[in-house]
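Dear colleague,

Please find below the structure that I am handing over to you, with its sequence. My notes on it follow directly after.

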Amino acid sequence: MNLVSTLGIDLAKSSFSLHGVNANGEVVLRRTLSRTKLSELVAQLQPCLIGMEACSGAHEWARRFAACGHTVKLMAAKFVTPYRKSGKNDGNDAEAICEAVSRPNMRFVPVKSLEQQSDLTLHRVRQGFVEERTATLNRLRGLLAEFGHVLPLRAVEVHRRVPQLLGKLPTRVAACARDLLEHAARLAAKTLEYEHEIRPITASALVATVGNGHDFKNGRQFAAWLGLVPRQYSTGGKTRLGHITKRGDPYLRTLLVMGARAVLQRAASLTDPLSQWALAVRERRGYHRACIAIAAKNARVAWALLAKEPAAA
């Protein structure tokens with residue numbers, strides 16, 4: 001086992017497949033282990049390159065293996081798939097991971113620290129509350145529509161109108177509507193609690209997701225990783241650009257686009273260069289393309305702030 005120079009690990013809940021090769025590319029390790037045995041085996045190995053897919057639990061395993069002196073790289077599963085030579089099973093997946101991690105042009109996922117994952121937990125729970133509140137209000141609107149009361153989409157209108165309608169509904173329906181409204185109010189209160197904890201939201205999410213940004217060569221690569229650049233359909237020397245790719249983290253992309261909409265909404269009353277540029281883009285390309293352009297620019301600015309050390313005082 002001490003001859004292993006590159007190790008691919010297919011992660012799971014209780015069964016882990018390993019595929020290791022030496023410096024010449026010869027297979028020297030091919031084994032399936034339980035969760036309790038995995039840490040023991042990796043700790044016995046000489047420092048080597050370990051590759052894993054960026055799935056559930058991958059960042060925790062990466063931190064543990066790095067503490068043993070190994071170099072750990074995480075990859076998106078879709079980038080590993082082309083290296084699988086035959087049918088999909090745990091052993092073949094581990095072999096594909098071992099092959100993919102050694103590729104010089106492979107794109108890797110930054111390993112998150114414990115603090116980063118803790119911050120992201122707050123974001124994920126908050127987003128879950130937001131989605132559940134939206135679903136609850138939509139359920140309430142649908143229920144009232146069955147009895148002839150159609151409410152606007154705005155949440156504030158639902159909260160304002162439902163108490164006025166309770167007396168016009170059957171007793172049991174009114175009780176259900178009241179419970180749904182109270183549940184939505186509780187979710188809104190919990191959402192505000194989390195927002196106070198993680199404010200500012202977009203900045204916190206960026207730092208928790210990408211850290212110092214050193215995994216990206218430049219701001220455009222970061223914007224491309226977020227899916228804020230056009231998808232290409234180019235051939236024969238003719239460039240064709242389509243809609244944005246929507247790759248990467250949809251939560252980060254959503255926050256940046258929402259921020260871009262706020263910038264564009266206020267731009268007409270401001271005279272700074274960014275606002276004037278945003279208005280010019282909207283005039284040339286339309287509202288939605290302008291929002292994406294502003295989001296991409298903000299992403300590049302955020303990368304520069306993260307990746308470049310502040311000047312010494």
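**Helix packing, sheet and backbone**

In this predicted model, helix 5 and helix 6 cross in a left-handed sense. Helix 5 covers residues 114-145 and helix 6 covers residues 155-165; their axes come within 11 Å and cross at roughly 40°. The two helices are therefore oblique to each other. On the side of helix 5, the contact is formed by R133, L137, L140, R141 and L144, and on the side of helix 6 by A155, V158, H159, V162 and L165. Sorted by class, the residues of this contact are seven nonpolar, one polar and two charged.

Helix 6 also packs against helix 7, at an angle of about 150° and with the axes 11 Å apart. Since angles over 145 degrees count as roughly antiparallel, helix 6 is roughly antiparallel to helix 7. This crossing, too, is left-handed. V158, H159, V162 and P163 of helix 6 meet L181, A184 and A185 of helix 7. The contact comprises six nonpolar residues and one polar residue, with no charged ones.

Helix 5 contributes Q116, D119, L120, H123 and R126, while helix 8 contributes I201, S204, A205, V207, A208, T209 and V210. The classes here are six nonpolar, four polar and two charged residues.

Five strands make up an open sheet with mixed pairing, in the order 3-2-1-4-5. Its edges are strand 3 (27-34) and strand 5 (71-75), each of which pairs on one side only. Neighbouring strands of the sheet are turned against each other by 20° on average, with direction ignored. Helix 4 (residues 90-101) packs on the sheet and touches strand 1 (6-10), strand 2 (15-21), strand 3, strand 4 and strand 5. The direction of helix 4 makes about 140° with that of strand 1. Strand 4 (residues 49-53) runs parallel to strand 5, and five bridges join the two. I50 has V72 of strand 5 as its bridge partner.

Two points of backbone geometry deserve mention. Most residues other than glycine have a negative phi, and most peptide bonds are trans. The peptide bond from R199 to P200, however, is cis, with omega near -5°. P200 is located in the loop between helix 7 (171-198) and helix 8. K246, although not a glycine, has a positive phi of about 60°. K246 is placed in the loop between strand 7 (241-244) and helix 10 (250-267).

Finally, the chain as a whole. Its secondary structure amounts to 12 helices and seven strands. The radius of gyration is 25 Å, whereas a compact globule of 313 residues would have one near 20 Å. Taken along the principal axes, the C-alpha atoms fill a box of roughly 75 × 55 × 50 Å.

With kind regards

Definitions and conventions. Residues numbered from 1 in each chain as written. Predicted model: local features only at pLDDT ≥ 70, side-chain atom pairs only at ≥ 80, totals over all residues. Heavy atoms only, no water. Pairing = 2+ DSSP bridges. Helix = DSSP H or I, 4+ residues; strand = E, 2+ residues; numbered from the N terminus. Axes fitted to C-alpha atoms, helices over the stretch in contact; angles between N-to-C directions. Contact = heavy atoms within 4.5 Å. Parallel < 35°, antiparallel > 145°, perpendicular 65-115°, else oblique. Left-handed = near helix turned anticlockwise from the far one by under 90°. Nonpolar A, V, L, I, M, F, W, Y, C, P; charged D, E, K, R; others polar. Rg over C-alpha atoms; globule rule 2.2 N^0.38 Å.
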